[in-house]
Amino acid sequence: GSLTVADGVKKSSNILTAKVALTLGEKRMRRYLTAFGIGSKSGVDLPGVEGGILHPLSEWSGISATRIAIGQGVSVTALQMVNMICAIANDGYLMKPYLVSRVQRGNGTVLLETKPEALSRPISAETAAVMRKLLARVTEEGGTGTRARVEGYEVAGKTGTAQKPVNGGYSSTAYVASFLGFLPAEDPEIAMVVVVDEPQPVHLGGTVAAPVFSKIANQAVRYLDIPSVKDNRIAARRDAVAA
């Protein structure tokens, strides 16, 4: 049957995704992928960082756009994935990731200080806001990511179920399952990706990786004291009364 783009994202429809890729066209699609950091190193302060694989347009075939859109014919790292979804959470800005904020001597002399740095802005704030809403629907009833939900918080994200490449093709038995997301959806504080290599016997991202995301996020929001939807409503009422 027919699906809207919103429902296609919610239900993880490969056909819908391929059609969107054809609507974009090869040049524009590759330009977006590049702007989101796919195919290039993220610049994080870690050794052994990979840039993944994004072939030039001259090497794309007639079906490449539809396959790359669903994750075949392209290779990405987990860090690239989480940085990409962070751009959606961060009003369209793709940030340079880093681990070390500051290094200083015992006397207070600062040897190294790292500050947030925007690498690009693949999408506008308005588009990012629309994407946050679409990704939040993935964890609602009927979506593929319901098991990633965290009580009291709206989770936005996307499930992933990727066939592993073998002998120039793709395996029908070996998969990588993932869930990529952030919360709270409308005012993001945490982004995370969970990747499970060759899970058995079930291999779907929504079944294997999403519950792990939920468990980690459930502890993280409490450790970081991030207000829940209920807490925000109570605070809003107090502000209204005070006003």
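How many bridges join strand E5 to E6, and in which orientation do the two strands run? The legends below answer this and describe further close-up views. The structure is a predicted model, in which local features need pLDDT of at least 70, side-chain atom pairs count only at pLDDT 80 or more, and totals for chains, interfaces and linings use all residues. Residues are numbered from 1 along each chain as its sequence is written, and side-chain values use heavy atoms, with hydrogens and water left out.

**View 1. The hairpin of strands E5 and E6.** Strand E5 (residues 156–166) and E6 run antiparallel and are joined by 10 bridges. Two strands are taken to pair if DSSP finds at least two bridges between them. Helices (H or I, at least four residues) and strands (E, at least two) are DSSP runs, numbered from the N terminus. Val-166 has Gly-169 of E6 as its bridge partner, and the hairpin has 2 residues between its strands. Asn-167, in the loop between E5 and E6, has a phi near 50 degrees, a positive value in a residue other than glycine. With a relative accessible area of 86%, Asn-167 is exposed; here buried means under 20% relative accessible area, exposed over 50%, and partly exposed in between (1.4 Å probe, protein chains only).

View 2. E6 and strand E7 (residues 190–197) run antiparallel, with 8 bridges joining them. Pro-201 belongs to the loop between E7 and helix H7 (205–208).

**View 3. The largest nonpolar core.** A nonpolar core is a set of buried Ala, Val, Leu, Ile, Met, Phe, Trp, Tyr and Cys residues joined through side-chain atoms within 4.5 Å. The largest one has 18 residues, of which Ile-85, Ile-88, Ile-123, Leu-135, Ala-156, Leu-180 and Phe-182 touch the most other members. At least two residues of this core come from each of helix H5 (78–89), helix H6 (125–137) and strand E6 (169–183), and H5 supplies the largest share, 6 residues. Apart from this core lies another, of 16 residues, including Val-150, Leu-183, Val-194 and Ala-220.

**View 4. Surroundings of Ile-123 and Asp-91.** Contact means heavy atoms within 4.5 Å. Leaving aside neighbours within four places in sequence, Ile-123 is in contact with Tyr-32, Phe-36, Ile-88, Asp-91, Gly-92 and Ala-128. Asp-91 lies in the loop between H5 and strand E1 (94–95) and is partly exposed, at 34% relative accessibility. Its phi is near 55 degrees, a positive value in a residue other than glycine. Not counting residues up to four places away in sequence, Asp-91 touches Arg-121, Ile-123, Ser-124, Ala-125, Ala-128 and Arg-132. The C-alpha atoms of Asp-91 and Gly-62 are separated by 33 Å, with the two residues 29 apart along the chain.

**View 5. Asn-83 in helix H5.** Is Asn-83 buried or exposed? Asn-83 is buried, because its relative accessible area is 11%. Beyond neighbours within four places in sequence, Asn-83 is in contact with Leu-94, Met-95 and Pro-97.

View 6. Leu-46 lies in the loop between helix H3 (26–35) and helix H4 (64–68) and is partly exposed, at 46% relative accessibility. Strand E2 (residues 102–104) and strand E3 (residues 110–113) run antiparallel and are joined by 3 bridges. The bridge partner of Arg-102 in E3 is Glu-113.
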